[in-house]
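Hi everyone, thanks for coming. Let me bring the model up on the screen, and then we'll walk through a few places together.

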Amino acid sequence: MEQLAPGMRVEIRDAEWRIRQVDRSSDGGEVLTCEGVSELVRGRRARFLTRLEHRVRVLDPRETELVEDASSGYQAGRLYIDTVIRKTPTSSERICLGHRAALDPLPFQLEPALQALSQPRPRILIADAVGLGKTLEAGILASELISRGQGKRILVLAVKSMLAQFQQEFWNRFTIPLVRLDSTGLQRVRNRIPSNHNPFHYFDRAIISIDTLKQDIEYRHYLEQAYWDLIIIDEAHNVADRGSRSQRARLAKLLSTRSDALVMLSATPHDGKAESFASLVNMLDPTAIANPRDYAHEDFRDKGLVIRRFKKDVQDQLGTHLPEREIGVVRAGATQAEERAYSALDQLELKSQTGSRGVGGLQLFTTTLKKTLYSSPAACLATIDNRIRNLEKRGGDEQAVRADVDALSRLREVVSAIDAEDFSKYQYLLRMLGTGADSLGWNPKDPADRLVIFTESIRTLEFLERQLAQDLKLRKGALRVLRGDAPDRELMETVDAFGRRDEPVRLLLCSDVAAEGLNLHHLSYRLIHFDVPWSLMVFQQRNGRIDRYGQTRPPQIRYLVTDPGNARIQGEQRVLEVLIEKDQQASRNIGDPSEFMGVHSVEEEEAQVGAYIESGDDDMAGLFSAFLDNQQEASESPLDAFVPQETRAPSLEAVTEAPITLFEDDFDYARTAVQWLHNHQPDLQAEADPQRRVLTLTAPQDLRQRLRHIAPQARPEGDRFILTPDVEAIQQELDRRRDEDSPWASRQYLWPLHPVMEWLADRAENAFGRHAAPVFRLPRALEADETAFLLQGGFPNRRGYPVVHGWLGVRLREGAIVEEYGLQPLIEALGLRAGALPNRGESGDTEALKKQLPDVVDRTEAYLQQLRREQEPGIDARLNRQMESMDALKQHHIEQMELELAASREVESKKARRRAEREQHIERVFRDYENWLRDTQMMEQHPYVQVVAAFTGAEV
């Protein structure tokens with residue numbers, strides 16, 4: 001058997017395969033990882049042991065079968081050539097496909113893909129601010145990886161409330177189908193497959209909640225046996241290792257080793273703790289950080305692992321895509337019942353605990369009481385009742401406990417006197433939702449005018465749910481609730497209903513479970529904070545539900561605060577208003593609100609606010625504002641060391657690449673394919689309307705087989721697809737469908753990644769049979785004694801992806817090569833893009849053409865070798881730089897290990913054992929990474945070559 005290499009086409013078990021990877025096997029032979037080419041195995045991956053296969057026949061390009069194209073106007077041949085161009089993985093450094101998705105591309109949205117693809121390994125944390133479209137940026141990168149042959153298997157992990165939304169975005173915008181494996185989906189899959197089969201092998205592209213995965217220890221075994229081309233982790237801060245060794249963190253760390261490409265999405269990736277952020281970075285690149293506790297002095301920008309932009313950074317590009325928000329603070333004058341409660345709380349003294357805050361917790365609890373009362377009397381009562389129960393269970397100093405129970409009971413009596421009529425914020429809310437002078441202008445009769453109300457407290461949420469339905473006299477279904485303890489399906493259904501015009505829901509009450517990732521902006525541009533959060537991070541997340549990319553109306557955001565007569569409570573409310581001012585300032589000209597507090601977790605921000613409220617100072621708000629300003633001036637983002645400063649996408653034209661094609665566009669390609677297929681499959685139900693630019697096609701049986709793994713909602717009734725390449729029409733269709741009954745478009749986007757387009761391409765690629773190329777007779781472009789050939793080939797890396805690739809067109813006269821062309825010049829010289837190429841449809845002699853194949857293939861191999869010689873020095877230099885960097889990083893890891901061991905007081909025998917374990921770990925991590933670098937950047941010695949088409953001037 002001759003030497004086998006990636007890129008070669010081989011015949012195994014009477015099917016044609018393209019070799020992707022060649023590895024040594026334990027039996028002395030080789031393991032061939034292949035991708036199916038011929039019709040029955042197309043798109044499938046398989047592994048073959050050469051020692052067990054009866055025959056592995058290498059398909060020599062010199063023996064390519066040349067087949068006369070008898071189709072009208074050479075439709076089949078033109079489709080075949082264009083399909084080969086489309087399916088050839090690109091190695092370009094530009095964006096080739098993602099910018100053509102069903103969206104209005106902006107340069108900043110392409111930067112994550114550019115940054116990731118420029119790295120040795122496409123791994124990146126997209127840390128853009130809330131609302132800038134991280135899901136779209138992930139879709140652009142996924143599309144680019146697919147176009148490079150590196151995105152066949154995709155796994156997405158998302159929080160349970162985001163599964164449906166993420167799945168819809170990837171389908172509607174990119175036609176990338178993700179099978180949703182929610183809390184019941186995995187069990188349904190396991191019921192359909194044999195018990196010993198891995199459910200993660202069953203679907204190539206899936207989306208699942210990481211909480212679903214962590215619940216079943218059996219899934220860990222399945223995950224260890226599965227491998228993906230790309231893994232996307234949404235809201236990635238949830239999987240950071242915070243020292244507790246959470247199941248989420250362990251699972252994410254495992255998954256990070258099970259894919260080539262890894263994309264993490266999070267607007268708040270850094271919680272202020274060096275170790276937790278380091279855990280995310282080390283999932284992207286395990287060689288990056290030697291000391292997770294101290295790495296701020298290192299410069300990681302060249303690694304390209306993180307990208308982060310704020311609204312202010314890209315405002316010039318956003319334009320109407322993200323209108324400026326309108327902020328208002330609404331002050332509700334406190335009622336007498338509230339004033340009595342504030343006074344009682346201000347004078348509250350508890351006896352059962354002593355000690356400073358953080359030890360006994362005395363001040364912290366009184367602050368908690370105030371926080372809940374500022375939310376609602378219901379929230380405060382629940383906190384009081386819970387405290388009384390805990391005190392009575394605790395025992396201890398009975399007199400002190402009794403005194404505290406009595407004090408809290410008295411406070412409870414005062415707070416319970418605040419009914420709905422005496423609850424000033426609630427009464428003001430009713431006026432805001434009404435039609436009077438204080439009205440916000442909300443119209444519950446308008447299906448396109450929906451309103452979001454946020455509150456932190458579940459008790460407040462329950463009060464609002466009960467009271468608003470009664471006082472507003474809303475019809476059934478007009479008020480819905482999102483709360484974290486709801487089942488995942490209920491959460492997704494509520495979000496879907498809120499975005500659909502035909503649904504009765506008009507008002508959405510949310511706890512902060514809805515502050516993460518959800519799109520609530522389709523029919524809503526008004527948001528009310530019923531209680532003011534004590535964390536700028538929560539401000540950012542909440543407001544980002546309606547103030548996000550794609551919002552067409554200026555977001556109207558209102559904060560409800562109580563205006564009391566009690567001077568101390570007045571000062572505390574002013575502290576909260578300072579937070580509102582700083583959030584607005586961050587939104588306009590800073591970007592990251594965490595710069596104001598210098599901490600990066602909700603809990604720490606709330607603790608800082610609580611500390612100023614507890615200080616009792618007469619000017620606590622002024623001191624708090626000054627602290628935030630000083631903190632902001634001195635603040636340095638912990639992400640700065642990781643984020644490249646230069647802009648990689650100054651304009652779309654500078655970073656994108658137009659496709660080379662024989663057709664006007666994707667619609668022209670699809671229309672021609674349908675016309676050609678009608679000749680061979682008369683019962684095919686398909687038609688193309690060039691005026692409306694709409695392709696309608698009912699899926700035949702072989703296409704329906706492919707569709708079995710896409711979401712049922714994405715399959716139209718009767719599998720009758722309506723496709724258009726018009727992005728504006730797709731957007732209008734999405735708006736219309738949301739107005740009716742579904743966020744899934746019934747008119748779908750026609751572009752290369754749609755399953756119907758992939759099916760058409762596969763049919764066209766198989767038009768001339770196995771290991772064959774079409775023959776064109778072009779007497780208008782070639783003389784009778786002239787012939788031409790189009791070939792393509794290159795040098796893959798050890799993983800089968802192209803590193804050096806080229807197209808060569810050759811023109812021969814009387815059998816001798818007289819001219820060479822690139823791909824585009826050959827297309828133009830032969831007129832292959834002409835409106836019509838006359839074809840008599842008669843078969844002629846192709847022997848003369850076949851005799852020229854050996855010389856043409858030899859010339860192509862020489863051309864590819866020349867390309868390799870030209871590009872290899874740059875590739876080798878890049879690899880050498882990377883390997884040198886790895887050596888330096890490895891030494892840094894070893895030095896850090898020695899520093900830690902030197903500072904340890906452990907006995908020497910234990911130190912020696914730890915040193916051996918760490919050395920083995922370091923050696924394994926760097927060996928694996930260096931092997932990956934070699935496998936992806938070192939090329940095979942011999943090029944692969946494919947004869948794409950032959951042309952002759954001789955008529956039959």
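Where is the place of K473? K473 sits in the loop between α17 (458–471) and β16 (479–482); helices here are DSSP runs of H or I with at least four residues, strands are runs of E with at least two, and both are numbered from the N terminus.

A word on the source before we go on. This is a predicted model, where local features need pLDDT of at least 70 and side-chain atom pairs count only at pLDDT 80 or more, while totals for chains, interfaces and linings use all residues. Residues are numbered from 1 along each chain as its sequence is written, and side-chain values use heavy atoms, leaving out hydrogens and water.

Most residues other than glycine have a negative phi. K473 is not a glycine, yet its phi is positive, about 55°. H771 also has a positive phi, near 55°, and is likewise a residue other than glycine. You'll find H771 in the loop between α28 and β24 (772–777).

Are these two buried or exposed? K473 is exposed, with a relative accessible area of 70%, whereas H771 is buried at 15%. Buried means under 20% relative accessible area, exposed over 50%, and partly exposed in between, using a 1.4 Å probe and protein chains only.

Now follow me to α28 itself, residues 755–765, and its partner α1, residues 75–87. Their axes come within 8 Å and cross at roughly 120°; axes are lines fitted to C-alpha atoms over the stretch in contact, and angles run from 0 to 180 degrees between N-to-C directions. That makes α1 oblique to α28. Angles under 35 degrees count as roughly parallel, over 145 as roughly antiparallel, 65 to 115 as roughly perpendicular, and the rest as oblique.

For contrast, look at α14 (residues 377–394) and α15 (residues 398–416), which pack at about 160° with axes 10 Å apart. These two are therefore roughly antiparallel to each other. Their contact (heavy atoms within 4.5 Å) includes L381, I384 and I388 of α14 and V405, L408 and L411 of α15.

Finally, let's zoom out. The protein chain has 31 helices and 28 strands. Its C-alpha trace spans about 110 × 75 × 55 Å along the principal axes. Of its 956 residues, 58% are buried. And among contacts with a separation of 6 or more, 77% join residues 24 or more positions apart.
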